[in-house]
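Please look over the side-chain contacts in the model shown here, with attention to charged groups and aromatic rings.

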Amino acid sequence: QSWRDNRSEGDWLFGAGLAIGVDIQIVDRWFAIVHGGYDWVARDVTVTVGPNKVCVNPSGYTFGGGVGRRF
């Protein structure tokens, strides 16, 4: 058995995000950064793939960090 399907469409999703970050001075010209946030999207995204449907929640948390040098 096989199936063929070809369709493409776009849709706008309402959402909002909030992020915060902090630079921490380590030594002269070197710093560390820590950041995090949350992205909220009003509804889930449903994608039809052949005979199946996939539902994705695009909302989520983000976290990160790094080390840098000022010149």
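The report below takes up the charged contacts and then the aromatic ones.

## Basis of the model

This is a predicted model, in which local features need pLDDT of at least 70 and side-chain atom pairs count only at pLDDT 80 or more, while totals for chains, interfaces and linings use all residues. Residues are numbered from 1 along each chain as its sequence is written, and side-chain values use heavy atoms, with hydrogens and water left out.

## Charged contacts

A search of the whole structure finds one salt bridge (a side-chain nitrogen of Lys or Arg within 4 Å of a carboxyl oxygen of Asp or Glu). R70 and D23 form it, with their closest N and O atoms 3.4 Å apart. The pair links distant parts of the chain, since D23 belongs to strand β1 (residues 15–27) and R70 to the segment after β5 (60–69), 47 residues apart; strands are DSSP runs of E, at least two residues, numbered from the N terminus.

R70 is partly exposed at 36% relative accessibility, and D23 is partly exposed at 44% (buried means under 20% relative accessible area, exposed over 50%, and partly exposed in between, with a 1.4 Å probe and protein chains only). R70 also lies over the face of F31, at 4.3 Å from the ring centre (the criterion being NZ of Lys or CZ of Arg within 6 Å of the ring centre and within 35 degrees of the ring normal).

## Aromatic contacts

The structure holds three aromatic pairs (ring centres of Phe, Tyr or Trp, the last by its six-membered ring, within 6.5 Å; planes under 30 degrees apart are stacked, over 60 edge-to-face, and the rest tilted). One of them is the tilted pair of Y38 and Y61, at 4.7 Å centre to centre with 55° between the planes. Y38 lies in strand β2 (residues 30–41) and Y61 in strand β5, so this pair ties together parts that are 23 residues apart in sequence.

Y61 also forms a stacked pair with F63, at 6.3 Å centre to centre and 15° between the planes. Ring pairs thus link Y38, Y61 and F63 into a cluster, in which Y38 is partly exposed at 32%, whereas Y61 is exposed at 63% and F63 is exposed at 69%.

Technical notes. Helices (H or I, at least four residues) and strands (E, at least two) are DSSP runs, numbered from the N terminus.
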